[in-house]
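Subject: Structure handover

Hello,

Here is the structure for you to take over. Please open it first, then read the notes below.

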Number of protein chains: 2
Amino acid sequence: MISRDDMAALDQADSLALLRDKFDLPDGMIYLDGNSLGPVPKGVSARLKEVVEAQWGNDLIKSWNVHNWMDLAQRVGDRIANLIGADQGEVLACDTTSINLFKLLAAALELRPDRHVIIGQADNFPTDNYLAEGLIRLTGGRHELRLIEGDDLTAAIDDSVALVFLTQVDYRTGYVQDMAAVTKAAHNAGALILWHLCHSAGALNVRLNAAEADFAAGCSYKYLNGGPGAPAFLFVAKHLQDQVQQPLSGWHGHAAPFEFERAYRPAPGITRQLCGTLSILALSALDAALDVFDDVDMADLRAKSQMLTALFIDLMEKRCGSHGFTLATTRDQTRRGSQVSWRHDMGYPIMQALIADGVVGDFRSPDILRFGFAPLYLRYVDVWDAVTVIDRVMVDRRWDRPEFHQRAAVT
Amino acid sequence: MISRDDMAALDQADSLALLRDKFDLPDGMIYLDGNSLGPVPKGVSARLKEVVEAQWGNDLIKSWNVHNWMDLAQRVGDRIANLIGADQGEVLACDTTSINLFKLLAAALELRPDRHVIIGQADNFPTDNYLAEGLIRLTGGRHELRLIEGDDLTAAIDDSVALVFLTQVDYRTGYVQDMAAVTKAAHNAGALILWHLCHSAGALNVRLNAAEADFAAGCSYKYLNGGPGAPAFLFVAKHLQDQVQQPLSGWHGHAAPFEFERAYRPAPGITRQLCGTLSILALSALDAALDVFDDVDMADLRAKSQMLTALFIDLMEKRCGSHGFTLATTRDQTRRGSQVSWRHDMGYPIMQALIADGVVGDFRSPDILRFGFAPLYLRYVDVWDAVTVIDRVMVDRRWDRPEFHQRAAVT
């Protein structure tokens, strides 16, 4: 059986091990929730100080020109493009994931005026379905959101389908869709595809253009470490950019915002997906956070993520096999995201007890304990030590204290 | 004739004079562009450091509960409510002005299903009209945006009108609408009203509830000093909140976001106007910025703003009367915002020369020089000194250098 020393040896040999030094991680915590909120990259605080004091403070309104605030959404977008297999000029950092999904949903439906079905997943992250609902309601009910149970949507794609709207990684089970295959199935049926990348970007080797994806959006506060509620991103394939018009037609998406023309005239390219004035503080923090990805090969990152999750499954089954956990994540590592989820009837209090003991994951209703393995800053010994704490919490029944049963507002 | 000493005496007597110390203002600059981007309030940098290092850094995901990130949009909204004559629970700080206007436009039109006209201003800030255009296009052209020339819209409000959509302060001329009278005219015709407050909030004594306004939105990066692209705000009158459903139905507007229900169920009250996860860094910076308004009476602030603009008009006419400036702002101080605009054929290069000489205003096409007078941090002597610089730039024809004729990307 593998030992802690074996894990330490893996860390020694890990070509990505030094990336951990680029983060400020709290002492005594094993942070397995980077899939909810990534930790602080070291350059963020200094960058914010510079933006507040030197840019906003000293140069004030002139900063829009002299510090290039005006194209920050595009520049940060280009950096994210490098991490998700997109080209320069195909990605913007802006708004929230929800708002970006709304824009892209509307754009996609307009490109398929004779079709009325949006295919989604029943167990999708709910905001996706809420937004499709909201758009359908607003546009008078001409479209139908058809929610499919399970992970295989391809059978449901017929020639009534305008758009397949799918999360690449299931937020609960961590199941990874085959982006190339599903995109191809959608296109074969004449449908478009919109990928939600919240649990992919920054951890998986996402290859949007290799898969010929049409649209994508995601957040930057999980594996991209951009900070709580950091600006989201969106992707529109180059060949579609000038064909689509998005409904949130604010002035930053105008071809000439400072001409103050009376009628809306969309900017060429990806820029038409902008709407209002974006937070320069939030975009700058994200920009600084992305520095940790410089020179990182996403294929290497993905390989480490797969090793971490495989070892966690293995060690949990060997060391915690009698504690009643049922694996909710696939063993097929090509279909497994950067997380491992376990079902347990006492999932909620167990997770609270783990957090109190320094192993931070999260809980998702009704019974899922979710552990995220961000390959940028986690060590192989962290996997070992997390399993040690889980074992102790279960053996000692520490989770059965009253305080761990009390539900917090945010889980 | 009034002298610089008279202005210094006004500063001595100014009960708001000490507020200037709450800002970090660059040396040697007279900043008359707080109507585009407010300067840095002193507490912002320290607050960001705390949020990044102590909250995000140390407490990571737990911060949503332990630092109450979850209701930051409501808490900051309540502080803005105090400045615009709204009640607690009627305002949120969220998203961008453009996005908030879209939400409220859609909500208002849904409340008047039998009416098809939106009344707007032809010379409105263009994003307002662009968004109405975008919404009308998205919903299939059932509505009409009727743009009225000039400042008097009341004659155009008939029983076909669903919504009157109006900027309280014209961004170019500074003309202030009579909020109570126009709201009443809209209501008398059975229409709703949506006020755009970008150039009002933080400088005027806005009294939304006294005027019985229905909806409002605005930014916080101008007179509220929240930072470049700071989160915007929106207002929905209490009695309408549960009647409206907004189309950007993201999970933060759900009644129980962490239940992850399949169907959208709007939260009660103002919270249903939320959409996605907001930047905690940007909201925290705004929260800190609002500290400067503690204990400030908006009526006092408005009175100082009126004095500053009256004196600027007076001094410009006396000292720069021969330089070809034409007043574009009304002399009626009840109808004048916190800015003074002058038309001049050479407006663009004159403004660039003034900025180079430390008097920072801005230019708006085709010929408007715009000077904002933020009463929180401007002194009466600043008015005198600004006029001195303007006179010098005109007498010396300094504006006629080639570099001042080159247009920047952002004006």
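What share of the 411 residues in chain A is buried? Buried residues make up 57% of them. A residue is buried if 20 or more other C-beta atoms, placed from the backbone, lie within 10 Å of its own; with 12 or fewer it is exposed, and in between it is partly exposed.

Some ground rules. This is a predicted model: local features need pLDDT of at least 70, side-chain atom pairs count only at pLDDT 80 or more, and totals for chains, interfaces and linings use all residues. Residues are numbered from 1 along each chain as its sequence is written, while chains are lettered from A and ligands numbered from 1 in the order in which they are written.

Chain A overall

Chain A has 12 helices and 15 strands. These are DSSP runs, numbered from the N terminus: helices are H or I with at least four residues, strands are E with at least two. The C-alpha atoms fill a box of roughly 70 × 55 × 40 Å along the principal axes. Among contacts between residues at least 6 apart in sequence, 72% join residues at least 24 apart. A contact means C-beta atoms, placed from the backbone, within 7 Å.

One sheet

In chain A, 4 strands form an open, antiparallel sheet in the order E11-E12-E15-E14. Its edge strands are E11 (326–327) and E14 (362–364), each pairing on one side only. Strands pair if DSSP finds at least two bridges between them. E11(A) and E12(A) (residues 339–343) are joined by 2 bridges. A:Leu327 stands opposite A:Trp342 in E12(A).

The two chains

Chain B superposes on chain A by a rotation of 180° with 0.0 Å of shift along the axis (RMSD 0.0 Å). That is the relation of a two-fold axis. The superposition is by least squares on C-alpha atoms of residues with pLDDT of at least 70 in both copies. In chain B, B:Thr139 comes closest to the rotation axis, at 2.4 Å (C-alpha).

The interface

The contact takes 77 residues from chain B and 77 residues from chain A. On the side of chain B, H6(B) gives the largest share, 10 residues. By class, that side has 43 nonpolar, 24 polar and 10 charged residues. Here Ala, Val, Leu, Ile, Met, Phe, Trp, Tyr, Cys and Pro count as nonpolar, Asp, Glu, Lys and Arg as charged, and the others, Gly among them, as polar. The copies meet through the same surface, because 100% of the interface residues of chain B are also interface residues in chain A.

Best wishes

Definitions and conventions
Contact = placed C-beta atoms within 7 Å.
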